[in-house]
Amino acid sequence: MNDTVAQARRWYVQRLSAMVLALCVVIHLAVMIYAVRGGLSGSEILSRTHGSWTFGIFYAVFVVACALHVPPGLNNIAVEWLHWRPARALFIARLFGVLILVTGLRAVWAVVVAP
Amino acid sequence: MNAPTSTTPPTPSTTASPTAPVDPAATLQVSVWRGDAVGQFSRYEVPRQASQTVLDVVTHIQRHLEPSLSYRFACRVGMCGSCAMTVNGIARWTCRTHVANVAGADGRLEIAPLANLPVIKDLAADMSGFFDKWASAKGVFRGTRTRHDDFAKVEPASPERAAANAGIECIGCAVCYASCDVVAWRPAFLGPAALNRAWTLVNDVRDTAQEERLRAVAGDAGCHSCHTQGSCTERCPKHIAPTAGIAGLKRLAGRAALRGTL
Amino acid sequence: MTPAVDARAHAHPAWWAFVLHRVSGLLLALFLPLHFWVLGQALNGAEAFDSWIALADQLLFRLSEWVLVLLLSLHMMGGVRLLLIEFAAWSGPRKNWIAAALGVSVATGMAFALALVS
């Protein structure tokens, strides 16, 4: 029965993060379409993002939402299409979630904080 | 098929009929599954007739061409669901499927047993697993009132009753179950029919087994593995939408999991 | 072994919406760590970052960026359709949302392409 509750919670977390992401993605796409006009350079990106609290908080939230949203989906694909055992699929999916969290927050740090 | 808005089965005149003239000399090239899990398609030539249904075709084959062909039917008028088979890859009631709507100009038909169910022989599938899942989903009414109690008062216009009514006409034909890829991918998945029945009971204000039922239909073997492919809703001959009920179960189970009552 | 669901049974819009949503999600998921890693290169200073971003000028890079924008739009719009089906009142498989997902994604793809080449 514990399993069922955990599975229901995973569904709920994925849907909740989806709602957050819907907002983030609309904003991100708009920003990207605006930003890539006339080409894109590293210093251009950094000049916009460096030291910006808005950027930092927005993209940190974005990264966390991704890290919560992606694993349930990958878990389903692994079980249903690759026929992995549920335990193995969950473990790899969660590992991927950690990968997204770590690399994502590192990237946010890189473009907002690092000199 | 025309979509009836009432909950009674459609009368023959409202079901789509072929409008093209039928050449009495025309024959159908029919491939029929013979065997069980292991087998092959056998070919038969069946004379084409006006207003012919796929069930007519199967019956003709068994009576005149292949006496050993096994298949199921009962009412032959679209009320019992016994004649459900896979016609040209799609699960249908064969008594309600006009040949003209599926055979096309080349007159080819492919008839196989329902998918996602073990094959007993030829076109007859083993339905026991389908009904076992119905029971696992707590698809049975549980009440506490006796004949000595007053009638339960159920408001017919209430949202709960409307939700229950939308799914109550299911006759357990397994067309939805045979159309669902999640059933194919996850052997433990309860499937659209069982979940739809659970939904009608979840919305039954007289039922007293709600907590137990919600626990039975939640999780990866239950509603949370539905990916809204919608094949069940697309194929249901009674025009029930299990997708809707399953979405409702997801909401209730999610809420219960949050509150710790699941 | 039970007979599998035949491919011909998949010929309806909601099924294709599912496949599109799952495949776009998978590709996006696989792309994300790469995307974050490139951005993380900025930690090595603006010059190193620039040399990576210079890659961005290459056609193949721009093309793959455009594909990702398309995938993101498709996945998001398809996702909003699912959220509506799961949380809002039932009104059918919301095929209008499938159409909207394709339409908005085409429009977004065009807008991004224009921005890329301008």
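At roughly what angle do the axes of helix α1 (residues 13–40) of chain C and helix α3 (residues 59–87) of chain C cross? Keep in mind that you're looking at a predicted model. Select those two helices: their axes cross at roughly 130° and come within 9 Å. Angles over 145 degrees would count as roughly antiparallel and 65 to 115 as roughly perpendicular, so α1(C) and α3(C) are oblique to each other. The crossing of α1(C) past α3(C) is left-handed.

Next, show the side chains where these two helices touch. On α1(C), pick C:Ala17, C:Leu20, C:His21, C:Ser24, C:Gly25, C:Leu27, C:Leu28 and C:Phe31. Their partners on α3(C) are C:Leu68, C:Leu71, C:Leu72, C:Leu74, C:His75, C:Gly78 and C:Gly79.

Now zoom out to the whole of chain C. Of the 118 residues in chain C, 31% are buried. Take the contacts in chain C between residues at least 6 apart in sequence: 70% of them join residues at least 24 apart.

Last stop: select chains A and B together. Here 13 residues of chain B are in contact with ten residues of chain A. Highlight helix α10 (residues 242–259) of chain B, which gives the most to chain B's side, with five residues. By class, that side of chain B has six nonpolar, three polar and four charged residues.

Note on methods: Residues are numbered from 1 along each chain as its sequence is written. Chains are lettered from A and ligands numbered from 1 in the order in which they are written. This is a predicted model: local features need pLDDT of at least 70, side-chain atom pairs count only at pLDDT 80 or more; totals for chains, interfaces and linings use all residues. Two residues are in contact if their C-beta atoms, placed from the backbone, lie within 7 Å. Helices (H or I, at least four residues) and strands (E, at least two) are DSSP runs, numbered from the N terminus. Ala, Val, Leu, Ile, Met, Phe, Trp, Tyr, Cys and Pro count as nonpolar, Asp, Glu, Lys and Arg as charged, and the others, Gly among them, as polar. Axes are lines fitted to C-alpha atoms, for helices over the stretch in contact, and angles run from 0 to 180 degrees between N-to-C directions. Angles under 35 degrees count as roughly parallel, over 145 as roughly antiparallel, 65 to 115 as roughly perpendicular and the rest as oblique. A crossing is left-handed if the near helix is turned anticlockwise from the far one by less than a right angle, and right-handed if clockwise. A residue is buried if 20 or more other C-beta atoms lie within 10 Å of its own, exposed if 12 or fewer, and partly exposed in between; C-beta atoms are placed from the backbone.
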